[in-house]
Amino acid sequence: MPGTCVIGLQWGDEAKGKIVDLLTARHDVVVRYQGGANAGHTVVHGGQTYKLSLLPSGVLTPGVTCVIAGGVVFNPAKAIEELDELLGRGVEDCDNLKLSDRVHVIFPWHFAEDRALDHSAGSTETIGTTGRGIGPCYRDKVGRTYAMRLGDLYRPGAKEKIEQITAAKNKLLATLHDGDDFEPLDAAAIYEQYKAFADRLEPYVCDTTEYLLTAAEAGRNILFEGAQGALLDVDHGTYPYVTSSNSSGVGVSNGSGLPAKYVNHVIGIVKAYSTRVGGGPFPTEQDNDIGQKIRDAGNEYGTVTKRPRRCGWLDAVAIRYTSRLSGVDSICVMLLDVLSGFDELKICTEYEIDGQRTNVFPSHVDDLRKAKPVYETVPGWSEDVTGARTLDDLPAAARAYLDRIAELVGVPVEMVSVGPDRDATIPTEYRGVLAAAQ
Ligand code: IMP
């Protein structure tokens with residue numbers, strides 16, 4: 001029984017949605033298990049482009065059950081907006097969607113806190129959050145006092161709870177605003193709005209942990225759709241410049257409620273270069289013409305926030321680390337076409353930190369900040385590769401680049417993507433999970 005997991009191995013935006021979409025048809029269930037509407041998935045399906053940030057991309061595939069599991073922080077307005085858009089664009093129905101009653105709900109105070117507290121104490125550098133209330137909602141989940149799960153909205157006492165939390169949050173927000181103009185939140189209006197959201201979503205809400213356990217025990221094929229990237233993992237990423245959930249492979253079980261024995265294959269998704277949105281160290285960043293050339297060719301602007309992404313060379317030290325951390329069996333190299341037109345390419349193979357060379361990814365952000373990338377320079381290629389459908393269609397330099405990535409990361413490349421369309425992919429000789437999906 002294959003439980004397959006798709007994990008981004010960089011700082012998010014690795015084009016995971018395309019691989020999830022390719023795999024979805026071979027699975028019975030697709031699960032989102034961490035993060036929230038901070039993730040942007042672009043899926044090209046039936047010739048149409050869909051931009052989803054909360055609903056699993058599998059919702060576009062009839063016959064596949066899509067689960068938003070308990071580890072997600074849930075913005076109900078966004079879920080309804082995405083549902084309405086899909087229904088409005090002719091997606092037959094979304095009754096294959098299951099929402100966990102355990103998801104923590106994002107409220108207006110979470111957005112306000114995200115705006116007011118987007119930094120780590122003692123640092124002048126902002127985290128550059130997506131402003132979607134993700135961190136504050138996870139903070140309240142762990143703190144428990146001011147938390148509400150989706151299931152709470154259907155229980156007696158929901159109104160009173162919202163009133164109590166709003167009163168406490170208004171005090172907190174007034175302090176954070178420190179005398180600046182601040183419009184207190186209106187508990188009655190919030191309750192009415194969230195009650196309406198809850199009513200609209202009620203047909204989809206259930207105990208997804210029980211559903212998934214039963215599905216796994218019955219041997220159904222489950223696809224776990226990771227959001228963000230492993231370098232943004234709250235415990236194992238570039239803390240504090242991370243998201244608030246376990247976005248590496250280690251997060252699958254706690255977010256979904258399924259034990260690790262049901263995760264049989266892990267596919268790592270790697271962009272052919274590096275990008276990062278928001279603050280935090282980025283050793284191979286090219287804040288220059290090279291970075292701009294990558295940004296233009298790769299249209300590297302945020303799906304959710306539209307922010308220009310920081311761009312740079314591939315960092316094999318980071319990817320080797322996140323691949324090991326996530327238990328990756330094979331990788332897909334995405335956006336290879338973006339690198340056409342460079343005379344030469346650089347791959348970071350080691351860091352130099354305080355005069356010492358290492359291939360170990362530092363655990364402390366201060367060391368990562370000091371890390372000077374040690375580059376290997378390899379030949380580039382000038383040809384447009386978007387029409388390539390086999391490895392033989394690629395220039396020799398592109399093939400050599402892929403081989404070197406596999407060697408440095410220590411796992412085989414299973415597939416290469418050379419364009420946004422579903423068929424703009426190249427299977428490799430490695431026969432992994434995706435090869436069977438072709
Ligand atoms: P948050 O997840 O909104 O709290 O943002 C924390 C950090 O994670 C910021 O640097 C964001 O830019 C980054 N981030 C969150 N979601 C994504 C994503 O889907 N792609 C890329 N970066 C993300």
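Which residue has a backbone N or O atom that lies 3.3 Å from an oxygen atom of the ligand? In this predicted model, for which local features need pLDDT of at least 70, side-chain atom pairs count only at pLDDT 80 or more, and totals for chains, interfaces and linings use all residues, that residue is Gly128. Residues are numbered from 1 along each chain as its sequence is written, and side-chain values use heavy atoms, with hydrogens and water left out.

An N or O atom in the side chain of Thr130 is 2.5 Å from an oxygen atom of the ligand, and a polar side-chain atom of Gln228 lies 3.5 Å from a nitrogen atom of the ligand. The protein covers 96% of the 470 Å² of accessible area that the ligand has on its own; such areas come from the Shrake-Rupley method with a 1.4 Å probe, and for residues only the protein chains shown count as cover. The ligand is surrounded by 16 residues, of which the closest are Asn38, Thr130, Thr243, Val277 and Arg307; a residue is near a molecule or strand if one of its heavy atoms lies within 4 Å of it. This shell divides into 6 nonpolar, 8 polar and 2 charged residues, where Ala, Val, Leu, Ile, Met, Phe, Trp, Tyr, Cys and Pro count as nonpolar, Asp, Glu, Lys and Arg as charged, and the others, Gly among them, as polar.

Helix 9 spans residues 289-298, and Gly291, Ile294, Arg295 and Gly298 are buried in it. Helices (H or I, at least four residues) and strands (E, at least two) are DSSP runs, numbered from the N terminus; buried means under 20% relative accessible area, exposed over 50%, and partly exposed in between (1.4 Å probe, protein chains only). Because the buried residues of helix 9 fall within an arc of 100° when seen down its axis, they line one face of the helix; the arc is that of the directions from the helix axis to the C-beta atoms. Strand 13 (310-312) is included in what covers these buried residues. At the N-terminal end, Asn288 caps helix 9, with a side-chain oxygen 2.9 Å from the backbone nitrogen of Ile290. Just after helix 9, Asn299 takes a positive phi of about 45°.

Thr284 is placed in the loop between strand 12 (274-276) and helix 9. Thr284 is buried, with a relative accessible area of 0%. A polar atom of the Thr284 side chain lies 2.7 Å from the backbone oxygen of Trp313. Contact means heavy atoms within 4.5 Å; beyond four places away in sequence, Thr284 touches residues including Ser274, Cys348, Pro373 and Tyr375.

Another threonine, Thr209, lies in helix 7 (residues 208-217) and is buried at a relative accessible area of 17%. The side chains of Thr209 and Arg102 are joined by a polar contact of 3.1 Å. A polar contact is a pair of N or O atoms within 3.5 Å; within protein, one must be able to donate a hydrogen and the other to accept it, and residues adjacent in sequence count only if both atoms are side-chain atoms.

Backbone geometry was also examined. The peptide bond from Tyr239 to Pro240 is cis, with omega near 5°, and Pro240 is found in the loop between strand 10 (222-229) and helix 8 (252-256). Asp13, in the loop between strand 1 (3-8) and helix 1 (16-24), has a positive phi near 60°.
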